[in-house]
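Trainee: I should like to learn how to read a protein model feature by feature. May we begin with the terms and then turn to the cases?

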Amino acid sequence: MEGGRRCAGSLLYCALVNHSLRAALATALVLAGCTPSTPPGARPAGTGPRYFGDITPPADNVFRFANGAEPERLDPSVMSGQPDGRVARMVFEGLTVPDPKTLASLPGQAYRWETSADGRTYTFHLRPGLEWSDETPLTSRDFLWTWLRVLRPATASRYASFLYPVRNAENYNLGELADSSLVGLAAPDDSTFVVTLEQPTSYFLFLTQFYTCLPVPRHVVERWGDRWTEREHLVGNGPFRMTYHRRRDRFEFGRNPRYWDAGSVKLDRVIAYSIDDLNTCTNLYKAGVTDWNPSGYIPSQFIPYLRGFDDYRTGRYQAVYFYSINTTRPPFDNVWVRRALNYAVDREAITRDLLKGSRDPWGNFPPSGYPGYRHPPPISYDPERARECLARAGYPSGKGFPKTEILFNTSEDHRRIAEAIQEMWKRELGIQVGLSNQEWGSYLQATTALQYDVARRSWIGDYLDPTTFLSIMRTGDGNNRTGWSDPTYDRLLRAADAEVDPARRMLMLAEAEARVLDAGVLIPIYHYSTVELVKPYVRGLYPTALDVHPLTRVWIDRDWNRHPAPVAQLPDRVRR
Amino acid sequence: MATFLLRRLLLIVPTLWVIATLTFFLMRQAPGGPFQAEREIPAAAKAQLERQYGLDRPLLYQYLAFLGNAARLDFGPSYKYAPKQVTEIIRESFPVSLELGGWALLFALAIGVPLGVVAAVKQNTRTDFAAMTAALAGVSIPNFVLGPLLVLGLSLTLFVLPPALWQGPESRVLPVLTLSTAYVAYIARLTRGGMLEVLRQDYIRTARAKGLAEGSVVFKHALKLGILPVVSYLGPAAARIVMGSIVVESIFAIPGLGNYLVTGAFNRDYTLVLGVVLFYALFLMLLNLLVDVAYTWIDPRVELR
């Protein structure tokens, strides 16, 4: 998933005002509400819990949160981006749903499923009596129709590649196969949905949770065309239904009485505010207007100060901040130059001194936390080795190294990191690099068209498997953006795709990661964390590795301060 | 008068055409395009989208098609917020900007004009200095500083007003204050300058000589001419206050039109930018025309030809 949209708010301001001035001011502003005399992040000894702002629960069962930028599309089949996804997951439900803590697939619209012995066929059994919110029956044909719609070239779905593990899906999506009946999807009867895969895809059940795979109501789409997502036409099958929408203002949701598990939905209403500006998001949380300020909507300079509060929550997030090197431009076509740049970056110093410990230094490409995956040794800070590499490349002590530039999209955070790295390269390698910042659109164009030397980038995992990272470095992948190509790497990934044994598959992936690290095309810098603010009376909302939060079972606990957080109940829905 | 109006209205058309042409080609000069994201859009999907929106056609063809549609007030769908049409977006969000700007302008006039009059009447006294110092401060504080300061004081410390959002009358207070302060100050200074000039004129001396009350002299006789600089400033001010609320809309999360212009430019949302720019240009020209007409009404010496 793209990593840049999260900073759209601050990006907007950069063009308008002097960002650092505003940032400094904003820090002063929010901080004025805390006790300024205590050291940042420390809790004064002998005091009880501290909360950031108002902690009065709302009068009724309503849950309010900041949803970031206004969603672009409300049609799950074509949407991309987190705010869009949060809305879709409330209104629609897939075959499987994520566990609110672990994100493991739980039964959703399908109450059970079987996998064939070769791992290539999934048979989903839908719950009996499923209905859309307009009381039209929902059948496996709705899933069949939706998934084919995602793949149809005319739909131009940005995430159609999510369904590429399905047999013939890629060819059909690329327009090389016209007959949709050859795609490995079938609905033999109203309650059975059979998916045939090209390869055993161990993470397939994660894909079925993803918003691209959510079912859309054929009868509504065909009646209203692309206007079907307007509030007055919208029909879903999820726990909530949309009752109000005003662009750049808010969405309101009420319960969907037709939802199969409507009895478990505890919230009467949910309000999602569309707010671009991160300071505004945090102010609204502090004032008690919102109950949840999700990850990504807190200005980074506040984080060290918010850490001491009990409603501040953090967890590991499947995303990595890195620099990518354009290998098509000399001197970066030389692997020794790239290695030199890699070893000369002190990521500990960046995360400790610059980011005040709000991020973890990271020397690998895929982030941590993939079950069964063991990373190869990370790239570490080794100035001696860096100098050796540079000498080997023919630039001893940086002599004769051409003038190059670090590219980043306009943001104060990116600038500070770029300045630190510029300084490290000068200190350790004796080379001079310039800094170049561009606004978002120009930056994207420059990285896509390989018109840069070294560029700041980030990548966010879409599902819990290392391939969500490793696959972007394949030869010619649209997200590779380094010009790097390694046939062995490509072959390892292809072999891993076909491998049935999970342990062997993970070994192949680790070998691939070792290759991309060794080639030095990427300079990993830090591992993202989720950083969110949640009022203490909100129950059932947990930090997760993909920052995905099912709201179905969230509730408002008006007695929150009289008893500890209840032991999380595993969803008691029908198990397989 | 009628010929004047007709000529000015007709002049709007070529002006809009020039603005449309410049905006169209300048937008296309910016690197990248609307269908580009950090996560690459698959080539096939991108091509399909470009075909759908006619972006695969030659630029000249696109330009002519755009002009033809624009003449029928059809700017097509926003690329970012499809299927929403640009005209729908303007219709939805402009009233919000208009309301915010309207209140801010009213507030600026209600405070700025009396402040300027008092300062002029009491020229070179402490009252005058105090009023003009306040005005200078108001002009100097940028709204992106003032807005957060007001939020900090009134919303996050005293908890008396909401820190953002556009819901209910109380949510209007802070954005209107933030937006209008600079205009209060400027209007006060203009009024003071205009009044000082008028108060020195012979007909004011005559009015005083025939024994009119000072209040009547100031408000009935002097203010009518003294306010002319403010009136001529009102046209551009109204346009700026309505369109220039981008920062305020962002700080207070107000669903107005200003924000669309900025994000539209960042997103290379060609249709949205063109629609909003042309709309604002038209709005500005109509306001200026209105000011010229208002002039003849206030000052009969002005004749429109």
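Mentor: A residue is called buried if 20 or more other C-beta atoms lie within 10 Å of its own, exposed if 12 or fewer, and partly exposed in between, with the C-beta atoms placed from the backbone. This is a predicted model, in which local features need pLDDT of at least 70 and side-chain atom pairs count only at pLDDT 80 or more, while totals for chains, interfaces and linings use all residues. Residues are numbered from 1 along each chain as its sequence is written, and chains are lettered from A and ligands numbered from 1 in the order in which they are written.

Trainee: Is Ala156(A) buried or exposed?

Mentor: Ala156(A) counts as buried because it has 20 C-beta neighbours inside 10 Å. Its place is the loop between H4 and H5 of chain A; helices (H or I, at least four residues) and strands (E, at least two) are DSSP runs, numbered from the N terminus.

Trainee: Which peptide bonds are cis?

Mentor: One joins Pro330(A) and Pro331(A), with omega about 0 degrees; Pro331(A) lies in the loop between strand E12 (312–325) and helix H10 (335–343) of chain A. Another runs from Ala82(B) to Pro83(B), with omega near 5 degrees, and Pro83(B) is in the loop between helix H3 (59–71) and H4 of chain B.

Trainee: How is the length of a helix checked?

Mentor: The expected span is 1.5 Å times one less than the number of residues. Helix H4 (residues 140–151) of chain A has 12 residues and should span 16 Å; its end C-alpha atoms are 17 Å apart, which agrees. Its buried residues include Phe143(A), Trp147(A) and Leu151(A).

Trainee: What is the use of looking at such spacing?

Mentor: An α-helix has 3.6 residues a turn, so residues three or four places apart point the same way. Among the elements that cover the buried residues of H4(A) are strand E5 (121–126) and helix H7 (218–224) of chain A.

Trainee: Where does helix H10 of chain B have a kink?

Mentor: The bend at a residue is the angle between axes fitted to the seven residues ending there and the seven starting there. In H10(B) a kink of about 40 degrees lies at Leu234(B), shortly before the proline Pro236(B). This helix (residues 228–243) has 16 residues and reaches 23 Å from its first C-alpha to its last, close to the 22 Å expected.

Trainee: What surrounds Gly235(B)?

Mentor: Gly235(B) is found in helix H10 of chain B and is buried, with 20 other C-beta atoms within 10 Å. Two residues are in contact if their C-beta atoms, placed from the backbone, lie within 7 Å. Leaving aside its neighbours within four places in sequence, Gly235(B) is in contact with Leu287(B), Asn288(B), Leu290(B) and Val291(B). The C-alpha atoms of Gly235(B) and Asn288(B) are separated by 5.0 Å, although the two residues are 53 apart along the chain.

Trainee: How many residues of chain A are in contact with chain B?

Mentor: 54 residues of chain A are in contact with 44 residues of chain B. On the chain A side, the largest share, seven residues, comes from H14(A).
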